[in-house]
Amino acid sequence: MALKNMFKKTYTLLDTKYKKSDEPSVPQGLWRRCNKCGQPIYVDDVKNNFYICPKCHGYFRAHAYRRIEMTVDEGTFEEWNKEMPFENPLNFPGYEKKVNAAKEKTKLNEAVVTGKGKIMGHDAVVAVCDARFLMSSMGHIVGEKITRAVERATVEKFPVIIFACSGGARMQEGIVSLMQMAKTSAALKRHHEAGQLYISVLTDPTTGGVTASFAMLGDIILAEPGALIGFAGPRVIEQTIGQKLPEGFQRAEFLLEHGFVDKIVEREHMKETLASILAMHEKPAEPADFNPVGTDWGAPSRKAAERDAWDTVQLSRNADRPTALDYIGALFDDFMEFHGDRYFKDDGAIVGGIATFKGIPVTVIGQQKGKNTKENLKRNFGMPSPEGYRKALRLMKQAETFGRPVICFVDTPGAFCGMEAEERGQGEAIARNLFEMSDLKVPVLSIVIGEGGSGGALAMAVANEVWMMENAIYSVLSPEGFASILWKDSKKAPEASRVMKVTAKDLYDMKLIERVIVEAEPASLKNIDAVADEIRQGLEEFLTKRLSMTGEELAAERYDRFRRM
């Protein structure tokens, strides 16, 4: 037995020695191990790859000045408030020593770097948190540097971009740290009221008091893939509820799905994305070069006038009809989709974002149907939930802040009528859209491209003008529902469609819509360019007239339009 144990011990030592010698040598300063996949990686490869592991594509936390190098045009960054005196409001023991150690290690004065620079030629005030400095916790100096940067941006009329990364409030400063949440938020409110843009970029990790203040207040909120984002940390939550959290909880993708992030942007595309957003928020130096033809178009064609109403209903529901995204792609440039209602979810039945039309920034929003079963499930067959309408309204109010016209594409059988929609306030969400859209101080155009079903359609059609595709419908209820309610027989839907007056010709004759977009053939992807040309001509005329009107005049025109009905 003793001999057996001796041999076993010998083989174990040899095996251990063999395994160690088999491991790759990692020279100090040249190679590192990725803390995500454990593979050896060459330092220069990581630096040249935006501090992303070339093996597993995991993200390393970027130091503040490295982030600035990756984002701001070379030689344009002017740092603000670089040196600020240390303060210890609670006289916390050992705090100054801890801060001095962080200063020595990072060569930073504090956990955030602020200043002004250019991003692909566009001016912006930039603040970048650095996790190496006490986990970028927010104490008085961090709050003060961010507040001063935002205040100066407000006075000098610059957009603000903050790269958030933090463990939250700085415990050594107690209640003083807590007050920085309110202070930074108040400064951003003034910046917002001055009509200036704030872009928040969430990086790993963004937690605690930073999440509950400046990080989540962006007009546009971007996030890096896989970033941990939350108020309470996952460990705290697990200890509190005594349960294991699901995979991916509080990650950027989770936040996107639940409506709190506009867009996830890979680090290598961040600079270009920020530059595009900044470009679309700059006021044009000259008015748009529109050349509207000025023809007296708008009435339905004879073919449409002779078509049976039920046939039009069928055409409006045809799976081959172009969707909102198809029209957005055909009519606008530089479309960037934004997600979420900032309350609960991102509703796939509503798509929206910013784009340009002949160089003019616009906000485009559409009710989106799918083209196959999988897409229809994702889009809920074009039936928006409350969060969809709240997303649409969020984007409209954002457009109002920055003076962008709003173009809506209406195509829904109606608002989703499931139990969960009622629980989350479907009626309130639709009513809120009607209430707020009536007084928007920017031009609003709505185009019914397919089905315009009931209040679910009207919630995106309180506009200065409403147009309809020739083979679209717009009704108080579906013909099937109408027949069921009045005649107790849904099979009488064809007859109902005739008496309901649902076609574009009907509504044009009743002066409930302003224009009918002719379809020489029923609209499809094959002829979408021809249809888009007609919409484009009308859109030029619409904007030529409306862009010269004041916000008060636009809201009054919209009010008078519905007051006549």
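Colleague: Let's start with K505. Why is K505 called partly exposed?

Modeller: The relative accessibility of K505 is 28%. Buried would need a value under 20%, and exposed one over 50%, so 28% falls in between and K505 counts as partly exposed. Do keep in mind that this is a predicted model.

Colleague: What makes K441 and D439 a salt bridge?

Modeller: Their side chains meet with N and O 2.9 Å apart, which is within 4 Å, so the pair passes. K441 has 30% relative accessibility and D439 has 41%. Each value lies between the 20% and 50% limits, so K441 and D439 are partly exposed.

Colleague: Which salt bridge links distant parts of the chain?

Modeller: Take R546 and E557, whose side chains meet at 2.9 Å from N to O. R546 belongs to helix α22 and E557 to helix α23 (residues 551–563), and the pair, 11 residues apart, links distant parts of the chain. R546 and E557 are both buried. Some salt bridges also share partners: R317, K369, D411, E451 and E480 are joined into one network that way. Over the whole structure, a search finds 40 salt bridges.

Colleague: Now for residues away from those pairs. Why is Q426 called buried?

Modeller: Q426 has 4% relative accessibility. That is under 20%, so Q426 counts as buried. You will find Q426 in helix α17 (residues 426–437). Beyond neighbours within four places in sequence, Q426 is in contact with P384, S385, P386, Y389, A415, F416 and A421.

Colleague: What makes V46 buried?

Modeller: The value for V46 is 9%, and because 9% is under 20%, V46 is buried as well. V46 lies in helix α2 (residues 43–48). Leaving out neighbours within four places, V46 is in contact with I41, Y51, I52, P54 and F60.

Colleague: Is E257 buried or exposed?

Modeller: E257 is exposed, because its relative accessible area is 52% and the cut-off for exposed is over 50%. E257 is in helix α9 (residues 252–257). The C-alpha atoms of E257 and F344 are 8.7 Å apart, although 87 residues separate the two in sequence.

Colleague: Why does L486 get the label exposed?

Modeller: At 51%, the relative accessible area of L486 is over 50%, so the label is exposed. L486 lies in helix α19 (residues 479–487). Together with V476, L477 and I485, L486 forms a nonpolar patch on the surface, with about 370 Å² of accessible area.

Colleague: What about the inside: which residues have the most contacts in the largest nonpolar core?

Modeller: Those are F214, Y327, F332 and F409, in a core of 122 residues. Helix α22 (residues 528–546) gives the largest share of this core, 7 residues. Another core lies apart from it, with 9 residues, including V313, I473, A483 and M500. In soluble globular proteins, nonpolar side chains tend to be buried together. For the chain as a whole, 51% of the 565 residues count as buried.

Colleague: How do you know where to be careful?

Modeller: The predictor's confidence tells us. The chain has a mean pLDDT of 92, and 92% of its residues reach 70 or more. Over residues 6–27, however, pLDDT stays under 50, and the model has 4 contacts there beyond four places in sequence. Where pLDDT is low, the predicted coordinates should not be read in detail.

Terms used: Residues are numbered from 1 along each chain as its sequence is written. This is a predicted model: local features need pLDDT of at least 70, side-chain atom pairs count only at pLDDT 80 or more; totals for chains, interfaces and linings use all residues. Side-chain values use heavy atoms; hydrogens and water are left out. Helices (H or I, at least four residues) and strands (E, at least two) are DSSP runs, numbered from the N terminus. Buried means under 20% relative accessible area, exposed over 50%, partly exposed in between (1.4 Å probe, protein chains only). Contact means heavy atoms within 4.5 Å. pLDDT is the predictor's confidence in each residue, from 0 to 100. Patches are made of residues with over 30% relative accessible area and no salt bridge: like charges are joined within 9 Å, nonpolar side chains (Val, Leu, Ile, Met, Phe, Trp, Tyr) within 5 Å. Accessible areas come from the Shrake-Rupley method with a 1.4 Å probe; for residues, only the protein chains shown count as cover. A nonpolar core is a set of buried Ala, Val, Leu, Ile, Met, Phe, Trp, Tyr and Cys residues joined through side-chain atoms within 4.5 Å.
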